[in-house]
Amino acid sequence: MMMIMTQPTLRPNNYMSNSLDHIDNMENPAVEKRKLTEDIDRDVEGDSESQVSVPARKRGKTAPDAGPAGLWLDTVNRYMLDFDFEKLCSVSLSNLNVYACLVCGKYYQGRGKSSHAYFHSLHEDHHVFINLHSLKVYILPDGYEVTDASLSDIQYVLQPTFTPEQVKALDKDNPYAYDLNNKRYLPGFVGLNNIKANDYVNVTVQALAHIQPLRDYFLLDTSETGSELVKRFGMLVRKMWNSRAFKGQVSPHELLQEISNASQKRFRQNEQADEIDFLSWFLNTLHLGLAGKKKNAKSIIHDIVQGEVRVESQTIIVREEDGEGKKKIFDESREITTKTTPFMFLTLDVPPPPLFQDEVEKNIIPQVLARKWNLDDMQVLTRYLQVALSTLLRKYDGVTGQETGNILRRYKITKLPRYLIFHIKRFTKNNWAMEKNPTIVNFPIKNVDMRDYVQGPDANEETRYDLVANICHEGRPGPGNGTYKVHVQCKAQNQWLQIQDLFVEEIMPQMIFLSESYVQIWERKQPS
């Protein structure tokens with residue numbers, strides 16, 4: 001029997017020689033091998049995802065097999081997407097390597113074969129996921145990356161960015177935009193969700209987001225530097241000014257979580273706090289997050305809102321021949337202690353409300369406890385309840401004394417900041433309860449002149465200010481008994497808006513001073 005021997009088929013010599021030449025030309029074969037799989041390893045974080053890349057390495061492929069470019073993209077549901085909440089896996093509550101399902105909007109960790117996102121894609125038949133950090137889109141369970149221009153709007157909503165030209169034009173050209181439901185909204189003047197009792201945070205964010213240099217800084221700065229509070233505040237500001245948003249409102253959930261952590265639960269979303277206490281803490285914490293804890297470190301916060309005031313103090317010596325008015329006059333013959341201190345806001349003391357007689361004209365009662373008033377009574381009451389802003393500013397004329405205990409003080413501003421913050425002190429606490437002074441402060445919208453209250457080089461420069469934001473309190477004193485709202489100006493539309501949580505409405509400038517103003521932010525006019 002004749003046996004036929006078949007000779008093994010050999011690869012062509014030119015193929016073998018080309019492969020050998022390629023290996024010989026490698027400077028470092030290990031490096032080249034690592035480059036072959038870097039696309040797989042780049043997005044793998046944790047043990048759960050490493051299982052995806054093992055079969056690919058064994059097959060010698062650089063990535064999982066890519067499917068059709070547009071497959072499953074028609075299942076993306078933009079109406080279900082909400083990127084305002086904290087980026088935690090809905091199953092493991094981990095913040096590492098989190099993906100969002102673009103079909104249902106839920107967050108899941110990882111994309112490996114044992115990950116929560118992988119199981120979700122199999123169980124729910126949802127296949128399109130986006131990495132919330134890198135913004136890369138993947139199809140699961142296949143595991144290949146998709147780059148499609150139709151997804152750019154989702155990536156922009158997740159992380160909005162602005163060019164210097166766009167930021168510069170915000171105060172000149174800021175047209176209305178439309179969300180997915182075709183509802184009109186004005187970028188930068190959108191409502192903030194009151195999750196439970198965080199209205200005091202909402203009005204603070206609204207006011208600070210309309211301080212032009214602070215707004216511009218956070219719109220342009222997308223770096224990962226600074227504290228977590230700085231990053232989350234910057235992201236919230238960018239979302240507020242986004243003209244391509246899917247909805248005309250923003251939830252400050254991520255910022256609220258970090259505020260609670262950074263303040264050690266001093267400020268929480270489920271318990272209302274005093275707005276001026278929060279504003280003071282927030283500005284100082286932002287400054288530390290931007291500049292660090294070095295002494296005399298500078299930041300955008302100090303550059304725009306910090307001024308200086310000279311404080312002169314003298315101990316009060318009571319003499320029988322001195323009247324009540326004499327106590328508030330400095331004795332120039334005795335020692336006067338002088339020091340200059342920085343400030344971020346100036347406190348204005350509202351005079352105590354007048355007293356009225358009741359119906360029997362015997363009992364003297366405060367106006368806030370008086371009986372129900374008819375229209376004529378309200379007109380009289382309003383006249384008595386008004387005080388001019390210039391009257392409150394006399395505290396800083398360097399002459400009027402302020403008595404605190406047995407110490408007499410007088411104040412004079414030595415350096416004016418670019419943005420001046422007034423705290424109109426309405427709340428006082430006695431031995432039993434918190435009291436509120438409802439006196440209305442009458443003020444102009446523009447051209448408040450601070451020249452009479454300044455001493456030094458700043459007195460020779462521009463000293464006039466225009467109103468930027470007006471935060472007011474309505475209701476009874478005490479946490480949870482009242483509400484906060486804010487008035488801000490849209491320079492591009494030349495109109496004022498009143499914002500209370502999700503409600504945004506236009507308001508006439510003449511009506512702003514009728515509210516019970518609590519905190520005001522004023523912008524210094526630029527020299528003409």
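1. Val128 stands opposite Ile139 in strand 4. Strand 3 (residues 128-131) and strand 4 (residues 137-139) are joined by 3 bridges in the antiparallel sense; strands count as paired if DSSP finds at least two bridges between them. Strands (E, at least two residues) and helices (H or I, at least four residues) are DSSP runs, numbered from the N terminus.

2. The model is predicted: local features need pLDDT of at least 70, side-chain atom pairs count only at pLDDT 80 or more, and totals for chains, interfaces and linings use all residues. Residues are numbered from 1 along each chain as its sequence is written, and side-chain values use heavy atoms, with hydrogens and water left out.

3. An open sheet of 5 strands, antiparallel in its pairing, runs in the order 2-1-3-4-5. Its edges are strand 2 (107-109) and strand 5 (144-146), each with a single partner strand, so one side of each has no neighbour in the sheet. Neighbouring strands are turned by 40 degrees against each other on average, direction ignored. Helix 5 (residues 116-124) packs on this sheet and touches strand 1 (98-101), strand 2 and strand 3; the direction of helix 5 makes about 125 degrees with that of strand 2. Contact means heavy atoms within 4.5 Å. Axes are lines fitted to C-alpha atoms, for helices over the stretch in contact, and angles run from 0 to 180 degrees between N-to-C directions.

4. Two backbone details deserve attention. Leu140 and Pro141 are joined by a cis peptide bond with omega of about 10 degrees, and Pro141 is found in the loop between strand 4 and strand 5. Leu93, a residue other than glycine, has a positive phi near 60 degrees; Leu93 lies in the loop between helix 4 (47-59) and strand 1.

5. A second open sheet has 4 strands in the order 11-10-17-16, again with antiparallel pairing. Strand 11 (337-343) and strand 16 (402-404) stand at the edges with a single partner strand each, so one side of each is left without a neighbour in the sheet. The twist averages 35 degrees from one strand to the next. Strand 16 pairs with strand 17 (residues 407-415) over 3 antiparallel bridges, and Glu403 stands opposite Leu408 in strand 17.

6. The axes of helix 11 (residues 253-262) and helix 12 (residues 275-291) come within 12 Å and cross at roughly 85 degrees. That makes helix 11 roughly perpendicular to helix 12 (under 35 degrees counts as roughly parallel, over 145 as roughly antiparallel, 65 to 115 as roughly perpendicular and the rest as oblique). Leu255, Ile259 and Ala262 in helix 11 meet Phe278, Trp281 and Phe282 in helix 12. The contact comprises 6 nonpolar residues, no polar and no charged. Ala, Val, Leu, Ile, Met, Phe, Trp, Tyr, Cys and Pro count as nonpolar, Asp, Glu, Lys and Arg as charged, and the others, Gly among them, as polar.

7. Helix 8 (residues 199-208) and helix 10 pack at about 70 degrees with their axes 11 Å apart, and are therefore roughly perpendicular to each other. Val205, Gln206 and Leu208 in helix 8 meet Phe233, Leu236 and Met240 in helix 10. The residues of this contact divide into 5 nonpolar, 1 polar and no charged.
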